[in-house]
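Here's a quick tour of one protein model. Take a look at it first, and then we'll walk through how some of its pieces pack together.

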Amino acid sequence: MNILIIGTGYVGTSTALVFAELGHKVIGLDTDIRKIDELNRGKLHFYEKGLDHLFYKHLEKGNVQFTTDTEQAIKKSKVIFICVGTPNNDDGSANLQFVEQVARNIGHFINNYKVIVIKSTVPVGVSEKVREWIAESKKNKVRFDVVSNPEFLREGSALWDAMHPDRIVIGSRSEKATLIVSKLYQSLNALIIVTTPQAAELIKYASNAFLATKISFINEMAKLCDKLDINILQIAEGMGMDHRIGPYFLEAGIGYGGSCFPKDLNALLDTAKRKGVPLSLLEKVVDINQTQPLYVIEKLKNKLRLLKKKRICVLGLSFKPETDDTRESRAFPIIRELINQGAEVAVHDPIVQLSDDMFQSSVKQFETEQQATQKVDAVIICTNWSQYIRVDWKEILINMSGNVLLDGRNMLNAQEMKEIGFDYEGVGYK
Ligand code: UDX
């Protein structure tokens, strides 16, 4: 089938390549000429494990093309996926200006029956709005359907998630459109749930809110574990064995970041507020996540007392491993607080490069863990990059001034680190 993906950001480009892999002809459309030029020249503008392989393969075979020609792209395609960003406004609500612009363009150029699929995460009711925006801009009698088909892929494992989805949610009021969208995914043999567009929109928000709740829950338990001298890893393991709870998203640490959880929780809270339904549990989930990075600073101060003039190394800048995405990364509130308290900060990340203006001259980035930890009083692990497990921690300790190691992701073996000579502490784990 001829598919158009509007918005060649992270979700759009990943979706385009996955559909190409599933045997469809795909066009990626964006207004950003530079991005489209780069994509056509074979340059992927973000890092995602395994995606470059699909990118080169399908670009070379001509299964995927990138363009800025809105009119031609819309006219040529039968199914149009909207994958543009929906960032938060200052009040937490979702900013729908890009979605509206795209919908109006579709209305303007639509030339025969098309299915418009919304993959961007949008508040409940926006599918209906998109239908209205298209209808308002349309000058002919051509029919179209709007379907909600939210995306659940995780950065770092987007390809695996897209090829092995737990479920595909199709929110549609038209049998014809439902059939067309289901067919796109046919070869995946995945479970498909068909529901209304509004319910599909809420499934996405509710899923992310629930996962974030699990994380904030385990982070609170971890704080209690610290006081009770109990290992949170064992609590999570014991809880996770209960099928009703499940083992996932029970990893305690410095909190969740990324482009989805923080943004989606804000948008859901905004929707609820507008409807006069206070979601106090989710408000607390957000609060806990905001204070969680500072919990590590508290631990650091317990060990070093004053942070002024202390040299601290932060390992990991991305919001999670296997991605170069730093949006809402928990490393940043930690770095900011260290600077506020007068510490000198050294950082390392396997792929993220801090821009020069980010923290002015207060932070120094190093190429290797060995360089970043030279002569530091303490190390804080913010991202669980697997290479931090393989680091020669004995050698690191020899070259440090102090011996404090705070593991914000509970990724190292506490016993081993203590045997080496570190004053090691995780979150609810020591
Ligand atoms: C998330 C959802 O998982 C995905 O379904 C949705 O479509 C987009 O948002 P993503 O943001 O890529 O995906 O990452 P995810 O793996 O969910 O992790 C989010 C954050 O939570 C990361 O900062 C991670 O470190 C943190 N996390 C995750 C924990 O702190 N503990 C856990 O147990 C799991």
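Which residues of α9 meet which residues of α10? Phe217, Ile218, Met221, Ala222 and Cys225 in α9 meet Ile232, Ile235, Ala236 and Met239 in α10, where contact means heavy atoms within 4.5 Å. Before going on, keep in mind that this is a predicted model, in which local features need pLDDT of at least 70 and side-chain atom pairs count only at pLDDT 80 or more, while totals for chains, interfaces and linings use all residues. Residues are numbered from 1 along each chain as its sequence is written, and side-chain values use heavy atoms, with hydrogens and water left out. Helices (H or I, at least four residues) and strands (E, at least two) are DSSP runs, numbered from the N terminus.

**Helices α9 and α10**

- Ala, Val, Leu, Ile, Met, Phe, Trp, Tyr, Cys and Pro count as nonpolar, Asp, Glu, Lys and Arg as charged, and the others, Gly among them, as polar.
- The axes of α9 (residues 197-228) and α10 (residues 232-240) come within 9 Å and cross at roughly 135 degrees, which makes α9 oblique to α10. Axes are lines fitted to C-alpha atoms, for helices over the stretch in contact, and angles run from 0 to 180 degrees between N-to-C directions.
- As for "oblique": angles under 35 degrees count as roughly parallel, over 145 as roughly antiparallel, 65 to 115 as roughly perpendicular, and the rest as oblique.
- α9 passes α10 in a right-handed crossing. A crossing is right-handed if the near helix is turned clockwise from the far one by less than a right angle, and left-handed if anticlockwise.

**Helices α1 and α3**

- α1 (residues 10-21) and α3 (residues 51-61) have axes that come within 10 Å and cross at roughly 60 degrees, so α1 is oblique to α3.
- This crossing of α1 past α3 is left-handed.
- On the α1 side you'll find Ser14, Leu17, Ala20 and Glu21, which meet Leu51, Leu54, Phe55, Lys57 and His58 in α3. Sorted by class, that's five nonpolar, two polar and two charged residues.

**Helices α5 and α6**

- α5 (residues 97-109) packs against α6 (residues 126-137) at an angle of about 40 degrees, with their axes 7 Å apart. That makes α5 oblique to α6.
- Here α5 passes α6 in a right-handed crossing.
- The residues of this contact divide into seven nonpolar, three polar and three charged.

**The open sheet**

- Six strands form an open sheet in the order β11-β10-β9-β12-β13-β14, with parallel pairing. Two strands pair if DSSP finds at least two bridges between them.
- The edge strands, β11 (363-365) and β14 (423-425), each pair on one side only.
- From one strand to the next, the twist averages 20 degrees.
- β9 (residues 311-315) and β12 (residues 378-381) pair in the parallel sense over four bridges, and Ile381 in β12 is the bridge partner of Leu315.
- Helix α12 (residues 280-304) packs on the sheet, touching β9, β12, β13 (404-407) and β14, and its direction makes about 165 degrees with that of β13.

**Aromatic pairs**

- Searching the whole structure turns up nine aromatic pairs. Rings of Phe, Tyr and Trp (its six-membered ring) pair if their centres lie within 6.5 Å; planes under 30 degrees apart count as stacked, over 60 as edge-to-face and the rest as tilted.
- The ring centres of Phe19 and Phe81 are 5.0 Å apart and their planes are at 40 degrees, so the pair is tilted.
- This pair links distant parts of the chain, with Phe19 in helix α1 and Phe81 in strand β4 (residues 79-82), 62 residues apart.
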